[in-house]
Amino acid sequence: MLKRVSLGEGVVIHQPELVNLYDCSIGPGSRIGAFVEVQKNVSIGRNCKISSHSFICEGVTIEDGVFIGHGVMFTNDIYPRATNDDGELQGSDDWAVVPTIVRANASIGSNATILPGLTIGEGALVGAGAVVTRDVPAGAVVAGVPARVLPSANSSLPQHERLHQ
């Protein structure tokens, strides 16, 4: 389902019948995999890759050149509840979206979960399966549950080379 989606030039949606995109914008040159949901008021920059089975909820901003691995889950509510104190189902007026931003050229590994209200810094790398509960500094590599910055013996190397030492 594609409803009221702003698509930049050259956007590729690999299987449009298997995605749910609505009221969002996707920048030029970006690619969207199958079984992805991108909710309202989400902004995805240019030349991003959003891999299959990922969920990008309202309130998320993804800057240019970001990689989102398979099955990445974003959240936007710090205290999620189905009902109010009186037992009635919550409506849109009963909670507030807590925004999250993923800065340019960051990468988020498969099955990572990103809690709301965080910033993932420019060029940062979030390891597969990590649960991100705090801001991630620019250029940092984080992994684990909860995600922690990994020390590097040779931090002058580019991130992709540090991972293969």
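E88 is exposed at 51% relative accessible area. Exposed means over 50%, buried under 20%, partly exposed in between. Strands are DSSP runs of E, at least two residues, numbered from the N terminus.

A word on the model. It is predicted, so local features need pLDDT of at least 70 and side-chain atom pairs 80 or more, while totals for chains, interfaces and linings use all residues. Numbering runs from 1 along each chain as its sequence is written, and side-chain values use heavy atoms, without hydrogens or water.

Now the pairs. How many salt bridges are there? Two, counting a Lys or Arg side-chain nitrogen within 4 Å of an Asp or Glu carboxyl oxygen.

First pair: R4 and D23, at 2.6 Å, N to O. R4 lies in the loop between β1 and β2, D23 in the loop between β4 and β5, so the bridge ties parts 19 residues apart in sequence. R4 is exposed at 61%. D23 is partly exposed at 26%.

Next pair: E63 and R103, with closest N and O atoms 2.7 Å apart. They link distant parts of the chain, 40 residues apart. E63 is partly exposed at 24%. R103 is partly exposed at 31%.

Key: Helix = DSSP H or I, 4+ residues; strand = E, 2+ residues; numbered from the N terminus. Buried < 20%, exposed > 50% of the residue type's maximum accessible area, 1.4 Å probe, protein only.
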